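Me: I'd like to learn how to read a protein structure, one feature at a time. Could we look at one together?

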Amino acid sequence: MSGQMTVKERAKAAMEMKPVDRLPFWPKLDEAFRKKWGKPVPQFHDYIGSDRVIGINQVFREVHKNTSVEIKNNGNKKETLFITKSGTLKQKNQFDEASQAWHPMEFPIKTKTDIEIMTEWYRDIEVQYDKDLYEKALAVCKDAGNNALVNCSIGESSLMYFVEWLAGVEQAHYLLQDYTEETEELFAQIHKNLLKKMEISAEHSPADSFLMVENTSTTLISPTQYEKYCFPQISQYGEIAKSRGRLIMVHMCGHLKLLLPQLNKLPVNAFEAFTPPSVGNTTLADGRKACPDKCLIGGTNAVVWLGDAQSIINYMEEALAALPHHRGIYLSSAGVMPPRCEPQTIKTVKDWIDGYKGIF
């Protein structure tokens with residue numbers, strides 16, 4: 001393809017499996033990277049020349065009639081209360097300074113009764129379009145212009161959210177096994193709210209693409225569980241997006257190899273944070289063979305980025321050489337870039353990517 005594309009054009013073309021002028025590259029820099037190297041993240045993206053993806057706020061809000069939520073912040077600790085007429089559930093999260101992220105310390109669901117209370121809380125939610133939030137999102141889009149792909153997170157499908165945030169890995173599987181009917185009713189209520197969020201977003205959001213933050217991995221759930229619970233729900237979110245001509249990606253940062261036959265059938269454009277060994281277990285070659293019409297955003301991992309620039313380039317060169325073509329390949333650090341990786345290293349690798357003669 002001749003002519004230079006903008007970041008937005010290049011990113012959208014990659015997601016749609018169309019030709020690009022060069023391989024797009026998005027180093028995922030976060031607050032931990034900023035704290036390590038002392039400059040705002042946008043300045044690093046400008047220096048590197050990233051095909052950056054930025055997030056905007058959602059354009060919907062949740063309204064509760066008979067239930068409520070109360071959040072208490074105390075330094076690096078956060079307590080969330082889910083309040084219903086039948087009882088109150090408590091969730092405790094703690095902020096980790098090194099990763100600059102919140103992590104669950106106490107899950108709100110521990111028993112069958114807790115499942116029923118949380119179901120009551122979700123059943124009471126009405127999802128509404130919010131014009132003020134739309135205006136806020138639109139301002140970010142206008143400021144980004146053509147220098148970024150603008151992404152909006154919709155949420156996380158019910159089983160993965162249950163495992164990660166509501167019950168914890170071990171207890172989630174015990175509860176699902178012992179109280180299947182009650183747990184599936186909770187899943188149905190979570191899904192109902194996500195469907196409405198997707199519908200509102202597909203109609204109103206100014207985002208270039210939508211994101212389901214699934215964190216999928218067969219280290220957390222089985223392929224059978226994915227087929228029963230995750231696949232149907234994500235398929236519906238994808239169908240809503242596609243019916244409006246919108247792009248949608250799924251953040252899947254774990255072990256995916258056993259899921260690839262299912263992932264190929266999902267009506268989505270891209271799998272984001274596609275992570276090879278040793279952090280994940282799925283290479284770009286695995287993904288391209290099993291999912292020929294899906295954009296793969298990733299291809300490296302944090303361990304790779306702890307090496308010097310030449311070792312990273314060698315790794316990328318080998319991974320790219322194993323592919324039949326490079327259409328729909330959007331290189332990134334998969335997960336967030338490790339703060340130990342120097343900005344100059346990323347810049348050197350980016351310069352090499354710019355000169356790579358891909359098959360588009």
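Me: Let's begin with the sheet. In what order do the eight strands lie in the open sheet, and is the pairing parallel or antiparallel?

Reply: Here is the general idea: strands of a sheet pair through backbone hydrogen bonds, either parallel or antiparallel. In this predicted model, the open sheet has eight strands in the order S1-S14-S13-S12-S11-S10-S9-S2, and their pairing is parallel.

Me: Which strands stand at the edges?

Reply: Those are strand S1 (25-26) and strand S2 (53-56). Each has a single partner strand, so one side of each is left without a neighbour in the sheet.

Me: Let's zoom in on one strand. Which way do the residues of S11 point?

Reply: In a regular strand the side chains alternate between the two faces of the sheet. Now look at S11: Leu247, Met249 and His251 point one way, while Ile248 and Val250 point the other way.

Me: Is strand S11 mostly covered or exposed?

Reply: S11, which spans residues 247-251, is mostly covered, with five of its five residues buried. That holds for the residues pointing either way from the strand.

Me: Which strands does S11 pair with, and over how many bridges?

Reply: Take the two partners in turn. Strand S10 (residues 209-213) pairs with S11 in the parallel sense, over five bridges. Strand S12 (residues 270-274) also runs parallel to S11, and three bridges join them. Methionine 249 makes a handy landmark: this residue of S11 is the bridge partner of leucine 211, and it stands opposite alanine 270 in S12.

Me: Which helix makes a β-α-β unit with S10 and S11?

Reply: To read such a unit, follow the chain from a strand over a helix to another strand. Here helix H9 (residues 223-243) is the helix, and the unit that it makes with S10 and S11 is right-handed.

Me: Now for the inside. How many residues are in the largest nonpolar core, and which touch the most other members?

Reply: The largest nonpolar core has 88 residues, and Ile109, Tyr226, Leu263 and Phe271 touch the most other members. Apart from it lies another core, of 16 residues, among them Ala11, Ala14, Met15 and Val53.

Me: What does leucine 263 touch?

Reply: Setting aside residues up to four places away in sequence, leucine 263 touches Tyr226, Met252, Leu256, Phe271, Cys291 and Lys294.

Me: Lysine 294 is on that list. Where does it lie, and is it buried or exposed?

Reply: You will find lysine 294 in the loop between helix H11 (284-290) and S13. Lysine 294 counts as buried because its relative accessibility is 3%, and the cut-off for buried is under 20%. Its contacts beyond four places in sequence include Met17, Asn264, Phe271, Arg288 and Gly328.

Me: With which residue does the side chain of lysine 294 meet in a salt bridge?

Reply: Its partner is aspartate 293, at 3.2 Å from N to O. Aspartate 293 is partly exposed, with a relative accessible area of 48%.

Me: How many salt bridges does the structure hold?

Reply: There are 27. One of them joins the side chains of aspartate 46 and arginine 52, at 2.5 Å from N to O. Aspartate 46 is exposed at 54% relative accessible area, whereas arginine 52 is buried at 14%. In another, lysine 72 pairs with glutamate 79, the closest N and O atoms being 4.0 Å apart. Lysine 72 is partly exposed, with a relative accessible area of 40%.

Terms used: Residues numbered from 1 in each chain as written. Predicted model: local features only at pLDDT ≥ 70, side-chain atom pairs only at ≥ 80, totals over all residues. Heavy atoms only, no water. Core = buried A, V, L, I, M, F, W, Y, C linked by side-chain atoms within 4.5 Å. Buried < 20%, exposed > 50% of the residue type's maximum accessible area, 1.4 Å probe, protein only. Contact = heavy atoms within 4.5 Å. Helix = DSSP H or I, 4+ residues; strand = E, 2+ residues; numbered from the N terminus. Pairing = 2+ DSSP bridges. Right-handed = clockwise from strand over helix to strand, strands pointing away.
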